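Here's a quick tour of a structure, written for someone who likes to know the cut-offs behind the words. Take a look at the model first, then read on.

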Protein chains: 2
Amino acid sequence: MVENDFDTALHEREGIEQPAQVNPYLQKRKRRELSVDEYVDGILRGDRVILSRAITLTESLNPEHQKMAQDVIERCLPHSGKSLRIGITGVPGVGKSTFIEAFGSHITSVGKKLAVLAIDPSSERSKGSILGDKTRMEQLSTDPNAFIRPSPSGLTLGGVARKTRETAILCEAAGFDVIIIETVGVGQSETVVKSMVDFFLLLMLAGAGDELQGIKRGIMEMADGLVINKADGDNVHPAELAKTRYQSALHLFPKNENGWSVPVATCSAIEHTSIDKVWEMITDFEQHTRSNGFFEKNRNEQNVKIFYDWIDFTIKNNFFNNPDVAKKIEELLPKVLEGNITPYQAGNAVVDEEKGC
Amino acid sequence: MVENDFDTALHEREGIEQPAQVNPYLQKRKRRELSVDEYVDGILRGDRVILSRAITLTESLNPEHQKMAQDVIERCLPHSGKSLRIGITGVPGVGKSTFIEAFGSHITSVGKKLAVLAIDPSSERSKGSILGDKTRMEQLSTDPNAFIRPSPSGLTLGGVARKTRETAILCEAAGFDVIIIETVGVGQSETVVKSMVDFFLLLMLAGAGDELQGIKRGIMEMADGLVINKADGDNVHPAELAKTRYQSALHLFPKNENGWSVPVATCSAIEHTSIDKVWEMITDFEQHTRSNGFFEKNRNEQNVKIFYDWIDFTIKNNFFNNPDVAKKIEELLPKVLEGNITPYQAGNAVVDEEKGC
């Protein structure tokens, strides 16, 4: 089910009573603000409308909303952490959306509730991909056990990453068992996704050029599993050959600390073949790393990164919300743009302004 | 001439007197520290040994060195800004090093002094590429009018970017006319390089696969010029075809605000053919944008980014150098790693610690 802003439609479908309304636009504008308690209660009982609104709240730039979102997240934290988090990456053309459609449907078919989030740093520039996100997984978006949330827009990669982490916490508190985090941008977001998932899956193609392989080398080192997609029709044999080749290549990498040998599988998302094998690969990994303690260890190490990121975000947020700072920036920015002051001098002047308080 | 740490060798070559020494290791360790005045004077008279040491100073993590480096940079700033800054990117396999060898040699042959810097976010993980930087441009590294400086290691992309900007300032103050900033990492550093150069050159290959083109689409939009390398031997005709194809593709992009139509050229770095055409393309661009004011406008807009980045860096630096903060982090980090406190709670506790002072 695709999360969307038109909560009324969803509420109707889920049989939730709607107040009488004349003008649906007015109705939407006047939507009553929820309290932190109402957000938390709604999320914990799995109300998707409230979950969606809470996610939107975390994405708000309004400082009051931010404060509130922080309270909601903090109260959801004790209920989070129970899902299996899967990162999925691959170059454009590898069939990521189609794969997530097929893979996601398999996950819900084995009785799991699935949330699909995306890290899309390109959304900073073009908003096109956002709309794309909402419609490109047609089958999954009508699955009542799936929840698809597009990447927030207008943020830097760091901002998108923070919001995606917070969204994952809310989804976990709402009872989702599996969270897929997909890289949508190219090349920039793999490290970020790797830092927030339990299993990092690299989708590949058979017969891609050498230059392309070069691009993927750094990413291949991060992968916990490789899947060669589009193993269908004439491509079955090349896919098998590629599998053997990647298996050999992986032998050249140093052994993982967690004792896991990175497997290579083939599948066809379009024909829905061997999709179950991919799920098996991941549950094997979970079993392996849970039993030797590396599952928990990885998460705790990821928490160190969150710790520093959170400090980073908070000190910047506090700084730029200081009215003296805002005033000084407003005063100096035109001078920087006109070349009347060096950006370093101007920056120092702004920092000194805050210290004075 | 490759910058290196063994200043003694360079000094000898440049006829600078060396103190008597018994143990060269001891000599290196005991190297007299220079004053800010000595750094600035040395840089302004174009002393490469002192330039190299100043760059090393900017890369130091020692707070005293950082303070000193900042003073040196600030005093060099009025003497900077006079070079032409060229960014060069392209996927692995496009022949970037060979191109920069040939292109750089052409630049010095027309009487310009050239500095080559690299942005390499991958140096965070593997140090391999650093050594590579020092040796892969053999011809240029022996050219007395060229100065090659590898990317600083052990920093995040933001850190590498800041250091590269500072290095460019020092190089400009030392009298370099052209600064090439090369992307070494893949996919992550293009935006950063674009934000610090006057002209952004995209190197391409003829006949690369469709997926590959997809990767480059976002980068193509940033380019001020496209050059198809390896237009030699059997590849001359495919390169010409690719040129036509890219020219058509570029027509689909919205026109640049600065009125510049992005040109496409072919060249062979190995055979040194049409390298002069690439230089002509860039000097044309400089003339065009200088005359319509967009050269200056672009630089001033880049300064706004530097302004914010500098504030960002300074507030973080001030924060983490606060002894109370350091102590609190030391106390909480093990708890985060053991999962005894959420990273958000721990982060908030650290931020509160600083506020208390």
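## Ground rules

Two residues are in contact if their C-beta atoms, placed from the backbone, lie within 7 Å. This is a predicted model, where local features need pLDDT of at least 70, side-chain atom pairs count only at pLDDT 80 or more, and totals for chains, interfaces and linings use all residues. Residues are numbered from 1 along each chain as its sequence is written, while chains are lettered from A and ligands numbered from 1 in the order in which they are written.

## A threonine in chain B

B:T164 sits in helix α9 (residues 157–173) of chain B; helices here are DSSP runs of H or I with at least four residues, strands are runs of E with at least two, and numbering starts at the N terminus. Skip the neighbours within four places in sequence, and B:T164 is in contact with B:L117, B:I119, B:I181 and B:M196.

Is B:T164 buried or exposed? With 25 other C-beta atoms within 10 Å, B:T164 is buried (20 or more is buried, 12 or fewer exposed, in between partly exposed, with C-beta atoms placed from the backbone). As for B:V49, 115 residues away along the chain, its C-alpha atom is 18 Å from that of B:T164.

## Chain A overall

Chain A has 16 helices and seven strands, and 41% of its 357 residues count as buried. Among contacts in chain A with a separation of 6 or more, 73% link residues 24 or more positions apart.

Four residues of domain 2 of chain A are in contact with five of domain 3 of chain A. On the domain 2 side, that's one nonpolar, one polar and two charged (Ala, Val, Leu, Ile, Met, Phe, Trp, Tyr, Cys and Pro are nonpolar, Asp, Glu, Lys and Arg charged, and the others, Gly among them, polar).

Helix α15 (residues 323–337) of chain A packs against helix α14 (residues 294–320) of chain B at about 140°, with the axes 8 Å apart. Axes are lines fitted to C-alpha atoms, for helices over the stretch in contact, and angles run from 0 to 180 degrees between N-to-C directions. That makes α15(A) oblique to α14(B) (under 35 degrees is roughly parallel, over 145 roughly antiparallel, 65 to 115 roughly perpendicular, and the rest oblique).

A:L333, A:V336 and A:L337 of α15(A) meet B:N300, B:N303, B:V304 and B:F307 of α14(B). By class, the contact of α15(A) with α14(B) has five nonpolar, two polar and no charged residues.
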